[in-house]
Amino acid sequence: MSAAVFSSTVTRVEDGALAVGGVDVRELAGQYGTPLYVIDEQDMRARAAAFRDHFAAAFGRHGAEVDVFYASKAFLSSKVARWMRAEDLCLDVASLGELELALRGGMPAARIGLHGNNKSDAELRRALEVGVGRIIVDSFTEIETLDAIAREMGAVAPVLVRVTTGVHAGGHEYIATSHEDQKFGLSLASGAAFQALVACHDAAGIRLNGIHTHIGSQILSLAAFEESAERMLGLRATLHAEYGIELPEVDLGGGYAIRYTPHGEALSAHDAAQGMAEAVAAAMAKVGGTWPRFSIEPGRAIAGPAGMTLYRVGVVKHVALEDGGQRQYVAVDGGMSDNMRTITYGAEYTATIASRLSDAEPELSRVVGKHCESGDIVVRDVELPHDIARGDLLAVPATGAYGRVMAHNYNAALRPAVVSVRDGESTVHIRRDTLEDLFSWDVAPD
Ligand code: LLP
């Protein structure tokens, strides 16, 4: 078992099956069916607390404060919003749906930040109506629209401007977000960010509170975060020097890498906090002025390692390879409908038999789903025992982030349930889709 990749409470029980949060996975599979996403509550909350505490300590040494916004796109249920509130975190949302789930879980609106490169009027209105703490504006169109809506509602929108710093980072082109040629933010290099700040400052319906950047996702390089923090503080200093405006808030985004496989690497909350606090201190010493209040937005690093997916093995096939070797194809009862990351980003995962131990010879294997595509792969390369067979449970760790939230109904698949476990108890966050759900979306012929 790849202990380094599984969440902290995962153990093998006496007969070799996995348990998580004190619950045997066979019991979970029996009760809720498979595929099943399982969140280790203790692990996820500990990760949230670690970001809160390490950043508070590292920035606190310079007298600065940091708010941690959990990026709820990684995984959100109203119960997770409740956990984040209990851990004293704030919450990032990027759509009306995420906003409503956050509110349903009791997250105070003042601790919610609304993101999005193309927010609808309805989203902006709802955010103002409930009084979100910040709206991160992403374009001149949005600044005009938000200003008009706020004035019409007799409100003043608290705003951060999303800045594209030009720092290129991230695990895959589709998850890098701060280089120039992409859809997010306002460019620092072209002067658009600066103009947007001035436009917000001048808008009667907007209170300009700060700047925001998010350089990408699954980033290991501390240097990229440091570079982006320096550029952000440089921009803040320029605005101060030229317009006398000293922004009170700076958000440095999320994107901290996690370990998906035993040979993968992670950027820990501790190291990120230390490195970024030092970079910020050096930049502040250079540009001068009073320190802003900082915020960060980890999503994957809080939810990802805390979750696993349980599958039931169906068909096992041995396929001859051109080089004379062979590969074991292990087909499970889910696939690209519950894990889009492998086919989309070429993401790597690992897997282990979860319902028993096996001392059979390991064999080069590929875990595939049941969808009608050859790219329907969950784990591209993994060693699995030669005796893996129909009926075994397979666990894929580190699927807590961007798993269920990116799941879909291809081939009329029924999306899996999400349950959390803790101290021997399990709790449903999202129930499994049913055939009745499918029929309720389908408008039947008369
Ligand atoms: N803040 C903003 C503004 C973001 O857009 C994101 C992620 C985050 C924070 C959180 O990033 P994280 O700490 O989770 O890396 N579906 C892709 C990831 C897309 C991330 C989008 N934005 C994946 O599965 O890798």
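The model discussed here is predicted.

The side chain of Ser217 places an N or O atom 2.3 Å from a ligand oxygen, and the side chain of Tyr402 places an N or O atom 2.6 Å from a ligand oxygen. Gly299 takes part through its backbone, with an N or O atom 2.9 Å from an oxygen atom of the ligand. Taken alone, the ligand exposes 580 Å², of which the protein buries 92%.

**Salt bridges**

The structure holds 25 salt bridges.

| Pair | N to O distance | Separation in the chain |
|---|---|---|
| Arg293 and Glu65 | 2.9 Å | 228 residues |
| Arg327 and Asp381 | 2.8 Å | 54 residues |
| Asp387 and Arg356 | 3.2 Å | 31 residues |

The salt bridge between Arg293 and Glu65 links distant parts of the chain: Arg293 belongs to strand S13 (residues 293–296), whereas Glu65 sits in the loop between helix H2 (41–60) and strand S5 (66–71). Arg293 has a relative accessibility of 32% and therefore counts as partly exposed. Glu65, at 49%, is also partly exposed, because the exposed class begins over 50%.

Arg327 and Asp381 meet through their side chains, and this pair joins strand S15 (residues 326–332) to strand S18 (residues 377–385). Which of the two classes, buried or partly exposed, applies to Arg327? With a relative accessibility of 10%, Arg327 counts as buried, since the limit for that class is under 20%.

The salt bridge of Asp387 with Arg356 connects two loops: Asp387 lies in the loop between S18 and strand S19 (393–397), and Arg356 in the loop between strand S16 (352–353) and strand S17 (362–368). Asp387 is partly exposed at 33% relative accessibility. Arg356 is likewise partly exposed, with a relative accessible area of 22%.

Beyond these pairs, salt bridges that share partners unite Glu41, Arg45, Arg52, Asp53, Glu87, Arg422 and Asp423 in one network.

Methods: Residues numbered from 1 in each chain as written. Predicted model: local features only at pLDDT ≥ 70, side-chain atom pairs only at ≥ 80, totals over all residues. Heavy atoms only, no water. Polar contact = N/O pair within 3.5 Å; in protein donor to acceptor, adjacent residues only side chain to side chain. Areas by Shrake-Rupley, 256 points an atom, 1.4 Å probe, with all protein chains shown as cover. Salt bridge = Lys/Arg side-chain N within 4 Å of Asp/Glu carboxyl O. Helix = DSSP H or I, 4+ residues; strand = E, 2+ residues; numbered from the N terminus. Buried < 20%, exposed > 50% of the residue type's maximum accessible area, 1.4 Å probe, protein only.
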